[in-house]
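Here's a walk through some side-chain contacts and strand pairings you can follow on screen. Have the viewer open and click along.

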Amino acid sequence: MSEPVLTIVVPAYNMDAYLEDCLESIAHSASIDLLEVLVVDDGGTDSSLTIAQSFEQRFPDSFRAIHKDNGGHGSVINFGIAQARGTYLKVVDGDDRVDPAALDALINVLSSTPADLVLSDYAIMDDKTEQLVEHRHAAADPTHYGTVQPISIMGYETIAKIHALTIRTALLRENDLRVDEGCFYEDAEFSIYPLAHVKTVFFDEHLVYHYRVGRTGQSVDVERLARNSDQHLNVMASLLAFRDAHADLEVDALRAIDRAIAYYTQNQYQIFLSLGNTPEVRAALRSFDELLKVDYPAVYDAAEKRSIWAIRKSRYRMFALGCLAYKLYRTFK
């Protein structure tokens with residue numbers, strides 16, 4: 001059997017309500033013969049594995065149903081990197097889907113581009129209505145679409161998210177890129193770690209990935225963010241340690257990493273607001289912010305949200321007002 005062009009890793013922990021829709025969207029690709037789809041039941045207790053096995057039976061040359069002990073989303077990514085046969089690798093969560101025609105167009109790109117990293121447009125999909133509510137662009141500069149650019153351009157381009165990413169598998173393996181296991185939010189690591197090794201980027205205008213939002217229990221749900229605040233801080237610490245380890249990168253490549261880390265730190269400030277105006281939370285906020293300001297000034301300066309800068313400029317006095325505004329927003333949303 002020839003090497004697939006693309007391996008799609010599908011983390012599927014208790015996803016039976018969504019998984020069939022996800023896998024059907026991939027199976028409808030006219031390029032299915034060029035795909036390897038690793039559907040990984042991460043120690044779930046529902047019928048996700050049975051659903052995955054039904055696709056393996058229908059498409060034995062393309063789909064593999066895999067059961068493993070629970071290790072979290074990051075463990076599935078690491079497992080997928082180790083198992084993948086495709087020239088490129090992409091992660092599609094079991095509650096999301098792809099557009100088959102756009103996936104075909106992406107595979108055509110992957111068959112011809114020499115780029116290490118391909119960034120595609122993606123859509124935000126409402127969980128209840130399943131309507132597409134937002135089109136996210138991989139390139140801020142439309143002239144970059146359809147072109148191969150040096151990694152230095154990412155210092156000034158749209159910050160890459162996991163939904164946009166397709167990465168050359170050999171690059172992940174040769175640099176032993178692994179993300180944290182047993183925790184949430186490691187998708188930030190998967191989005192950022194390759195930037196230290198990527199040389200070239202291709203910008204793809206096709207709307208490949210449809211990312212579901214508003215699902216109860218989603219890791220980015222505000223209440224769950226607050227419950228898992230320690231895990232988010234641990235991922236932030238991993239990202240900053242990674243930044244330390246690559247401080248000698250070319251200036252624009254390092255700028256890309258700083259901007260990306262700054263983007264994900266904004267979730268940490270949101271968590272502080274959601275936890276409320278207590279002495280302990282204020283102290284944690286101040287400690288985190290001072291760490292960035294003193295040790296990672298480029299990350300500190302790259303924060304874009306005006307609410308963060310308002311709190312900083314008030315010397316944290318506006319934090320109480322921010323907590324109140326956040327509480328009202330969540331109440332009447």
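Met318 comes out as partly exposed, with a relative accessibility of 37% (buried is under 20% relative accessible area, exposed over 50%, partly exposed in between, with a 1.4 Å probe and protein chains only). Before going on: this is a predicted model, so local features need pLDDT of at least 70 and side-chain atom pairs count only at pLDDT 80 or more, while totals for chains, interfaces and linings use all residues. Residues are numbered from 1 along each chain as its sequence is written, and side-chain values use heavy atoms, leaving out hydrogens and water.

Met318 sits in the loop between H12 and H13. (Helices, H or I with at least four residues, and strands, E with at least two, are DSSP runs numbered from the N terminus.) Together with Leu321, Leu324 and Leu328, Met318 makes a nonpolar surface patch of about 360 Å². Patch members have over 30% relative accessible area and no salt bridge; nonpolar side chains (Val, Leu, Ile, Met, Phe, Trp, Tyr) are joined within 5 Å and like charges within 9 Å. The areas come from the Shrake-Rupley method with a 1.4 Å probe, and for residues only the protein chains shown count as cover.

That loop between helix H12 (306-313) and helix H13 (319-332) also holds Arg315. Arg315 has a positive phi of about 55° without being a glycine, and with a relative accessible area of 64% it is exposed. Most residues other than glycine have a negative phi. Tyr185 is another non-glycine with a positive phi, about 75°. You'll find Tyr185 in the loop between helix H5 (169-174) and H6, where it is buried, with a relative accessible area of 8%.

## Salt bridges

The structure holds 14 salt bridges, a salt bridge being a side-chain nitrogen of Lys or Arg within 4 Å of a carboxyl oxygen of Asp or Glu. Here are three of them.

| Pair | N to O distance |
|---|---|
| Glu36 and Arg64 | 3.8 Å |
| Arg168 and Asp116 | 3.8 Å |
| Arg312 and Asp289 | 2.8 Å |

Glu36 is in strand S2 (residues 35-42) and Arg64 in strand S3 (residues 63-68), so their bridge ties together parts that are 28 residues apart in sequence. Glu36 is buried at 2% relative accessible area, whereas Arg64 is partly exposed at 30%. Arg168 belongs to strand S9 and Asp116 to the loop between helix H4 (100-112) and strand S6 (117-126), so that pair connects parts 52 residues apart in sequence.

For the Arg312–Asp289 bridge, look at helix H12 and helix H10 (residues 279-295): the partners are 23 residues apart. Is Asp289 buried or exposed? It's buried, with a relative accessible area of 1%, and Arg312 is buried as well, at 9%. There is also a network, in which salt bridges that share partners join Asp21, Arg97, Asp127, Glu130 and Arg212.

## Rings and charges

Arg312 turns up again here, with its charged end over the ring of Tyr300, 3.6 Å from the ring centre. (That takes NZ of Lys or CZ of Arg within 6 Å of the ring centre and within 35 degrees of the ring normal.) Likewise, the charged end of Arg58 sits over the ring of Phe55, at 4.8 Å from its centre. Phe55 also forms one aromatic cluster with Phe59 and Phe63.

Across the whole structure there are 9 aromatic pairs. Rings of Phe, Tyr and Trp (its six-membered ring) pair if their centres lie within 6.5 Å; planes under 30 degrees apart are stacked, over 60 edge-to-face, and the rest tilted. One of the pairs is Tyr193 with Phe242, a tilted one with 4.7 Å between centres and 35° between planes. This pair links distant parts of the chain, 49 residues apart: Tyr193 is in the loop between helix H6 (187-192) and strand S10 (200-213), and Phe242 is in helix H8 (residues 229-245). Tyr193 is buried at 10% relative accessibility, and Phe242 is buried at 8%.

## Around strand S4

In strand S4 (residues 88-91), Tyr88 and Lys90 point one way, Leu89 and Val91 the other, and all are buried. S4 runs parallel to strand S1 (residues 6-11), joined by 4 bridges, with Tyr88 as the bridge partner of Leu6. S4 also pairs with strand S9 (residues 165-168), antiparallel over 2 bridges, and there Leu89 partners Ile167. Two strands pair if DSSP finds at least two bridges between them.
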